[in-house]
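Subject: Handover of a structure, with notes on its helix packing

Dear colleague,

Please find the structure below, together with its sequence. I would be grateful if you could read the notes that follow alongside it.

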Amino acid sequence: MAIFNLNINGTSKQVDVDPTTPMLWVLRDHLDLVGTKFGCGIAQCGACTIHLDGNAMRSCQLPVSAVADSKITTIEGLSEQGDHPVQQAWLEHDVPQCGYCQAGQIMSAAALLASNPNPSDTDIDNAMNGNICRCGTYTRIKAAIKTASQKL
Ligand code: FES
Ligand code: FES
């Protein structure tokens, strides 16, 4: 075990965990930030997506020892009132079905728009390619990203 000081959603958090512990489990089991979901555990579905210094990362394959100097953002910290332009667009388009994948989808979309505020269809497809939705909400996700890009 080792102590790590983490910057999560703008606040400092200290955890005492095995250095190999994936951030997904640090967030969920040690910090009670359960908006980040476990899907596959092998970086293939995107349900666990968080931001690391603004970039979308799969937290299930990200050891806590690799993030100590980084700024981490989870779905809980994306906006104070749940009103990030991506979240607003998600509501407008009524995107979710079961909802399980949606935190990861929103985090990937927000990271895309932060680096590319006016993405083409291909840009969106490339950025969202690793986020799987078993309910098939892909058409609404793409429309919501376009709406969010207009809000930005
Ligand atoms: S749980 Fe991390 S990519 Fe699937
Ligand atoms: S909304 Fe059900 S898995 Fe995506």
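This is a predicted model: local features need pLDDT of at least 70, side-chain atom pairs count only at pLDDT 80 or more; totals for chains, interfaces and linings use all residues.

Residues are numbered from 1 along each chain as its sequence is written, chains are lettered from A and ligands numbered from 1 in the order in which they are written, and side-chain values use heavy atoms, with hydrogens and water left out.

Helix 5

Helices here are DSSP runs of H or I with at least four residues, numbered from the N terminus. Helix 5 covers residues 138–151, which is 14 residues. From first to last C-alpha, helix 5 reaches 20 Å, close to the 20 Å expected at 1.5 Å a residue; the expected span is 1.5 Å times one less than the number of residues. Ile141, Ala144, Ile145, Thr147, Ala148 and Ser149 of helix 5 are buried (under 20% relative accessible area, with a 1.4 Å probe and protein chains only). The buried residues of helix 5 pack against helix 2 (85–92), helix 3 (102–115) and helix 4 (121–128).

Helix 2 against helix 5

The axes of helix 2 and helix 5 are 8 Å apart, and the angle between these helices is about 130 degrees. Axes are lines fitted to C-alpha atoms over the stretch in contact, and angles run from 0 to 180 degrees between N-to-C directions. The contact (heavy atoms within 4.5 Å) involves Pro85, Val86, Gln88, Ala89, Trp90 and Glu92 of helix 2, and Ile141, Ala144, Ile145, Thr147, Ala148 and Lys151 of helix 5.

Helices 3 and 4

Helix 3 and helix 4 pack at an angle of about 135 degrees, with axes 10 Å apart, so helix 3 is oblique to helix 4. From helix 3, Gln105, Ser108, Ala109 and Leu112 meet Asp123, Ile124, Ala127 and Met128 of helix 4.

The loop between helix 3 and helix 4 holds serine 120, which is partly exposed at a relative accessible area of 33% (partly exposed runs between the buried limit of 20% and the exposed limit of 50%). Serine 120 and lysine 146 are 26 residues apart in sequence, and their C-alpha atoms are 8.8 Å apart in space.

Yours sincerely

Technical notes: Helices (H or I, at least four residues) and strands (E, at least two) are DSSP runs, numbered from the N terminus. Angles under 35 degrees count as roughly parallel, over 145 as roughly antiparallel, 65 to 115 as roughly perpendicular and the rest as oblique.
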